[in-house]
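Please look at the sequence and the fold together before reading on. The paragraphs below go from the whole chain to single residues.

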Amino acid sequence: MGLIADHYQRLGVAPSASRDEIRDAYRRLARQYHPDSNGDASAVRMAQINEAWHTLSDPGRRHNYDADLRAFLTTSRTSNTSNTSSASNTSSAGRPPTVSAPIPAPAQRARFPWRFMLLMAGFGIAFILVNAAVTKPDKPAVPDNIVQTGSCVKIAGNGDAVEVACDGPRDGVVVALIGFDALCPPATEGHRDHQGMGQVCVEMHPSG
């Protein structure tokens, strides 16, 4: 099983956190790290925050993620226990080494793989945007004034997108959240989030 990102740690909440606690943490971090306020330096962190919110805000996705995370942690613990037991058995056998142990080289300061991390972050952001553009948006149960992928919106007189209930009058559905300097996918319109936290791409199909 591959490495699984800890979305709870990204949002600074416990795995037992309620949806309200997760929403409040997302709102606080989105305001703190949004690229429009902090520049491109926070783009990677903002992508991680959006990915965590996208996963944990939906009960179905959160349930599947929790199951995968538990399986990953169980596998990691089993692997560590096996390695420790193997090392202990080898040590207790009492066999002398067949070759002399090499003299360890002077410790060197590890270099953090910035280029690799930035490359992976770029792929992650591209995946999120493409997935949001081709995936049918989720329908939130109750408006919570946080415009996100799948939110139904009305377009205010000043052009801002305001979240509304999907079973009432609406102008369209949000398919992606992007920065002010980015372009929306074809067949969508870009509108400012009414809270000023970014730009949303709306697939227009008025109702009511």
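Residues are numbered from 1 along each chain as its sequence is written, and side-chain values use heavy atoms, with hydrogens and water left out.

The chain holds 6 helices and 5 strands; helices (H or I, at least four residues) and strands (E, at least two) are DSSP runs, numbered from the N terminus. Along the sequence the pattern is α-α-α-α-α-α-β-β-β-β-β. Of the 208 residues, 29% are buried, where buried means under 20% relative accessible area, exposed over 50%, and partly exposed in between (1.4 Å probe, protein chains only). The accessible surface of the chain is about 13500 Å², and carbon and sulfur atoms supply 57% of that surface; such areas come from the Shrake-Rupley method with a 1.4 Å probe, and for residues only the protein chains shown count as cover. Taking contacts (heavy atoms within 4.5 Å) between residues at least 6 apart in sequence, 53% join residues at least 24 apart.

How far can the coordinates be trusted? The mean pLDDT of the chain is 79, with 75% of residues at 70 or more; pLDDT is the predictor's confidence in each residue, from 0 to 100. Confidence is highest in α2, at a mean of 94, and lowest in helix α6 (residues 114-134), at 66. Where pLDDT is low, the predicted coordinates should not be read in detail.

Helix α2 has 15 residues, and its first and last C-alpha atoms lie 21 Å apart, close to the 21 Å expected at 1.5 Å a residue. The expected span is 1.5 Å times one less than the number of residues. Which residues of α2 are buried? They are I22, R23, A25, Y26, L29 and A30. These residues cover an arc of only 165° around the axis, so they are on the same side of α2; the arc is that of the directions from the helix axis to the C-beta atoms.

Helix α4 (residues 43-56) has 14 residues and should span 20 Å at 1.5 Å a residue, which agrees with the 20 Å between its end C-alpha atoms. Its buried residues are M46, A47, I49, A52, W53, T55 and L56.

The C-alpha atoms of P15 and L56 are 9.8 Å apart, although 41 residues separate them along the chain. Not counting residues up to four places away in sequence, P15 touches Y8 and R62. P15 is exposed, because its relative accessible area is 56%.

Among the strands, β3 (residues 170-178) has 8 of its 9 residues buried. Strand β1 (residues 152-155) runs antiparallel to β3, joined by 2 bridges, and β3 pairs with strand β5 (residues 199-207) in the antiparallel sense over 7 bridges. Two strands pair if DSSP finds at least two bridges between them. G172 of β3 is the bridge partner of V153, and the partner of G172 in β5 is M204.

A187 lies in the loop between β3 and β4 (189-192). Its phi is near 70°, a positive value in a residue other than glycine. A187 counts as exposed, because its relative accessibility is 74%.

Key: Predicted model: local features only at pLDDT ≥ 70, side-chain atom pairs only at ≥ 80, totals over all residues.
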